[in-house]
Amino acid sequence: MKGFFVSIVFSLLVVALYAQSPKRELRAVWIATVKNIDWPTEPGLSTKQQKDEYRKILDFHQQNGFNAVIVQVRPSSDAFYISDKVSWSRYLTGESGLAPDPYYDPLTYMIDEAHDRGMEFHAWFNPYRIVVDTLYLPEDSTHIFYQKPDWFHQYGNRIYFDPGIPEVMEHVTEVIKDVTTRYDVDAIHFDDYFYPYRIWGEEFPDSLTYSLYNQDSTIIKDDWRRENVNTVIKMLNDTIKSVKPWVKFGISPFSVWRNQSVDPKGSDSQAGQTNYDDLFADVVKWMEEGWIDYVLPQLYFPMDHKLVPYRKLLPWWENIDFKGHLYIGHGTYRIGPVGRDSAWWNPSEIPDQIRLNRNSAKVKGSSHYSSKWFFDNTLGITDSLRTDLYKNKALVPTMPWLDNEAPVAPDSLTVRNDKTGIYLNWAPSDSTAMYYVIYRFKGKEVGDLENSANILEIKRASSPFFIDKNVLKRKKYTYAVTAVDRLYNESEMITAPYIKRTLKKKK
């Protein structure tokens with residue numbers, strides 16, 4: 001009986017250890033291009049400067065333990081990619097419609113660099129924003145702003161598409177279809193901007209659109225607006241899956257769907273604006289209908305915020321009936337004295353949020369806004385990821401409703417001593433393999449593949465070899481290799497006999 005209890009306690013400790021650093025967890029960071037927030041650091045940099053900056057960002061976040069980047073490729077009806085439908089972004093070249101010089105395709109480059117580092121690439125679109133600031137209108141005469149003036153409204157100092165116009169819905173869908181078709185993206189990602197956040201005392205000017213396109217006089221404008229956004233979300237999901245069934249579709253909404261004070265199904269919060277009532281984004285419906293593959297609510301608030309507490313919002317999102325993945329967006333940019341709440345002066349605020357996420361069976365990972373805030377390492381946030389929370393590598397969680405068939409395992413693993421370390425090579429897997437996962441165990445036996453501490457490297461499948469340089473002389477190591485496809489379904493492992501690290505004597 002005593003042994004039984006010891007076994008139970010040991011099992012619980014193992015579960016707790018894995019929860020602290022799970023093998024599968026999305027670890028993403030947003031890279032914002034609008035107003036050059038994260039990249040490029042300024043408009044009009046040379047192609048070489050743009051590439052150098054981007055590689056530096058990826059190298060840095062790879063060291064931080066991230067396995068995905070969410071890069072804004074359409075900040076305001078413009079493009080960080082080659083397109084005959086959308087103008088080049090002014091945030092890239094300094095002038096809308098002006099191509100990079102020397103010419104290159106930034107999106108192809110960004111995707112390849114991410115995949116080379118074992119990172120997913122989520123292409124981030126802002127669907128309805130045309131102009132971020134009316135002081136800076138597009139310079140390009142072919143910009144859609146000048147081609148389709150009836151599609152837009154000014155609201156505050158910004159200009160937006162009118163989501164109620166059927167041609168606008170078709171245009172947005174076509175833009176996403178084009179990118180999904182031509183580029184090797186892992187996911188299409190939308191943020192929280194649908195209908196714009198309300199401006200006090202000013203109504204979004206779509207009354208004419210409502211009178212023209214609302215076919216049912218009993219439907220009030222708010223419900224009609226919500227249905228417009230519902231229609232686009234379903235159109236987009238259907239279109240993406242018709243082109244490439246494996247490409248994920250994810251939404252990162254504002255933190256509050258509805259307040260409980262107006263809807264018993266809402267959260268115990270007091271948000272000034274909400275997705276449902278102000279942005280006309282019925283995210284819960286999209287989740288329940290299966291129109292999105294992941295939801296990533298922006299819970300950019302401290303644990304015990306008076307109006308929108310993280311601690312209460314997290315379980316609310318967990319309890320929604322959703323077959324997709326729930327990830328959590330962290331307001332990492334608020335850390336430190338710039339935060340308006342003293343809770344952000346606590347260096348444990350974000351780390352504790354991540355730990356709370358890991359205690360949930362529903363939460364499959366996190367994303368952080370935004371990239372540049374990690375470079376300053378404010379209150380040690382970067383150190384906390386590198387040395388603790390993201391110290392071990394992690395695979396992206398699988399999505400079995402999209403695909404659950406693992407690739408064939410690689411074959412013929414060989415290991416040998418090399419002058420720089422231990423050299424591994426193997427026969428490639430089948431064509432569905434996207435990456436190889438290399439596991440290393442101390443000693444003569446294969447250990448636990450579910451323990452993230454045993455993951456040595458996640459390597460792109462185009463290179464079926466690896467040199468382990470971080471080995472100690474006269475120590476014994478055992479290696480295993482698996483193949484994963486683009487949705488991270490993992491094959492059986494292949495192993496080789498253990499090897500003792502030795503160095504050949506010089507002749």
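Begin by selecting strand 15 (residues 433-442) together with strand 16, which pair in the antiparallel sense over 5 bridges; strands pair if DSSP finds at least two bridges between them, and helices (H or I, at least four residues) and strands (E, at least two) are DSSP runs, numbered from the N terminus. What you have open is a predicted model, in which local features need pLDDT of at least 70 and side-chain atom pairs count only at pLDDT 80 or more, while totals for chains, interfaces and linings use all residues. Residues are numbered from 1 along each chain as its sequence is written, and side-chain values use heavy atoms, with hydrogens and water left out.

Staying with this pair, pick out Y436, which stands opposite K459 in strand 16. Strand 16 (residues 455-460) is mostly covered, as 5 of its 6 residues are buried, where buried means under 20% relative accessible area, exposed over 50%, and partly exposed in between (1.4 Å probe, protein chains only).

Move on to D282, found in the loop between helix 9 (275-279) and helix 10 (283-289). D282 is buried yet has no salt bridge, and the nearest side chain of opposite charge, R226, is 5.8 Å away; a salt bridge is a side-chain nitrogen of Lys or Arg within 4 Å of a carboxyl oxygen of Asp or Glu, and in counting charge Lys and Arg are positive, Asp and Glu negative, with His and the chain ends not counted. Leaving aside residues up to four places away in sequence, D282 touches R226, N230, W257 and Y276, contact meaning heavy atoms within 4.5 Å.

Finally, select helix 12 (residues 349-358), which is largely enclosed by the rest of the structure because 7 of its 10 residues are buried. Those buried residues are E349, I350, P351, Q353, I354, N357 and R358.

Helix 12 contributes I350, P351, I354, R355 and R358 to the contact, and helix 13 contributes I381, S384, L385, D388 and L389.
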